[in-house]
Amino acid sequence: MLNLLRWIPAFAGMTILTILAGCGPLVPPPSMHQPARTALLAAQDSSSENNPAFRIIHIDVGQGDASLLIAPDGETMLIDTGPPQTGAQAVLKIAKEMEITAINTILISHNHLDHNGSLAEILKDKVAAQAKIIDRDSAQIGEFLPLEGGVLKIIGVNGHIGEADFTPFVEDDENARSIALVLEYGDFRYFTGGDLTGGGGNPPYQTIDLETPLAPLIGDVDIMKVSHHGSHTSSNPAFLEILKPEAAIISAGAQNDFFHPHPSVVARYQKAGIELHQTKNGSICIVINGGTYEIKPYAIDKCAAPEIPDPMEEMP
Ligand SMILES: [Zn+2]
């Protein structure tokens, strides 16, 4: 577990803002909470060469999921593409701004349009021309996907959770077939699992609980992507109790058709003291560097890494 660099206000402050706003726990507008060093960072080059951090960008694709992982050496993995058109537009725009020369791997968590709808369009762009594709048909439990200094491990797919097998019960529920992944980069741990189900639902529709058996295989994490855009089919209490994230990211655009996230799920995270961020105000960066990590709006400085203090300079 790493220390969270808190450039944003404490969770209590966010809760007050949330109550005043009368809706979910939204990230306050960047202008309200920009740290003093933002101006300094804004002037920096965002290329990997000058920012040897590991970065995860939760891209604002409206209703859908798309996360771009960038290793310190510039190797990249895109997890989901977002919906048709808007997903490709957002992903390619950020890839260009981040000076990414190649998207090396594209992992599709499951086959719903809000996750894979822009795959064909993105593959037409030269930045993704050589991308390796991993989907729920090719993913293998226990498979390691290395990125410089870190590793992503596939711990669930198609209703298989470790040794447990929940098929064929999940075959009719595409969400339940999502690929579940743990990223480890140094001491930093992160979970992402598409729209994986946790037993909730809208009766008579009820999802199978894959989160509870998955949780011990994940363990404690620093940050998680909230499964299924904050729907009440996911984020069950037992799951959160074991993962104990400090912060969680909800990928859901403003005024989406599904009214994600669900208020009861938002309340569950708030009650557990987990800092919530949502892509409705734009893309969100996680920058992991030098034993700390930072969560901030992409718009501030395009995921520039904070400068690591030189201990020699602090000596008298
Ligand atoms: Zn989805």
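The chain has eleven helices and 17 strands. Keep in mind that this is a predicted model, with an average pLDDT of 84 and 81% of the residues scoring at least 70.

Zooming out, 51% of the 316 residues count as buried. Take the contacts with a separation of 6 or more: 68% of them link residues 24 or more positions apart. As for the largest nonpolar core, 80 residues belong to it, and Val-91 and Ala-248 are the ones that touch the most other members. Leaving out residues up to four places away in sequence, Val-91 touches Ile-59, Ala-66, Leu-78, Thr-81, Gly-82, Ser-118 and Ile-122.

Now pick out strand S2, residues 54–58. Five of its five residues are buried, and that goes for both sides of the strand: Phe-54, Ile-56 and His-58 point one way, Arg-55 and Ile-57 the other. S2 also has partners to pair with. With strand S16 (residues 284–289) it forms five bridges in the antiparallel sense, and here Ile-56 stands opposite Ile-286. With strand S3 (residues 67–70) the pairing is again antiparallel, over four bridges, and Ile-57 faces Leu-68 across it.

Next, go to strand S11 and find Val-182. Why is Val-182 called buried? Because it has 22 C-beta neighbours inside 10 Å, and 20 or more is what it takes to count as buried. Leu-152 sits 30 residues away from Val-182 in sequence, yet their C-alpha atoms are 5.5 Å apart. Setting aside neighbours within four places in sequence, the contacts of Val-182 are Lys-153, Ile-155, Arg-189, Phe-191 and Ile-218.

Helix H9, residues 263–271, is the last stop. Its buried residues are Val-265, Val-266 and Tyr-269. Looking down the axis of H9, you'd see these buried residues fall within an arc of 100°, so they line one face of the helix. And what does the face turned away from that buried side carry? There you'll find the exposed residues Pro-263, Ser-264, Ala-267 and Lys-271. On the buried side, the packing is against strand S14 (247–250) and strand S15 (275–278). Just after H9, Gly-273 takes a positive phi of about 75°.

Conventions:
Residues are numbered from 1 along each chain as its sequence is written. This is a predicted model: local features need pLDDT of at least 70, side-chain atom pairs count only at pLDDT 80 or more; totals for chains, interfaces and linings use all residues. Helices (H or I, at least four residues) and strands (E, at least two) are DSSP runs, numbered from the N terminus. A residue is buried if 20 or more other C-beta atoms lie within 10 Å of its own, exposed if 12 or fewer, and partly exposed in between; C-beta atoms are placed from the backbone. Two residues are in contact if their C-beta atoms, placed from the backbone, lie within 7 Å. A nonpolar core is a set of buried Ala, Val, Leu, Ile, Met, Phe, Trp, Tyr and Cys residues joined through C-beta atoms within 7 Å. Two strands pair if DSSP finds at least two bridges between them. pLDDT is the predictor's confidence in each residue, from 0 to 100. The arc is that of the directions from the helix axis to the C-beta atoms.
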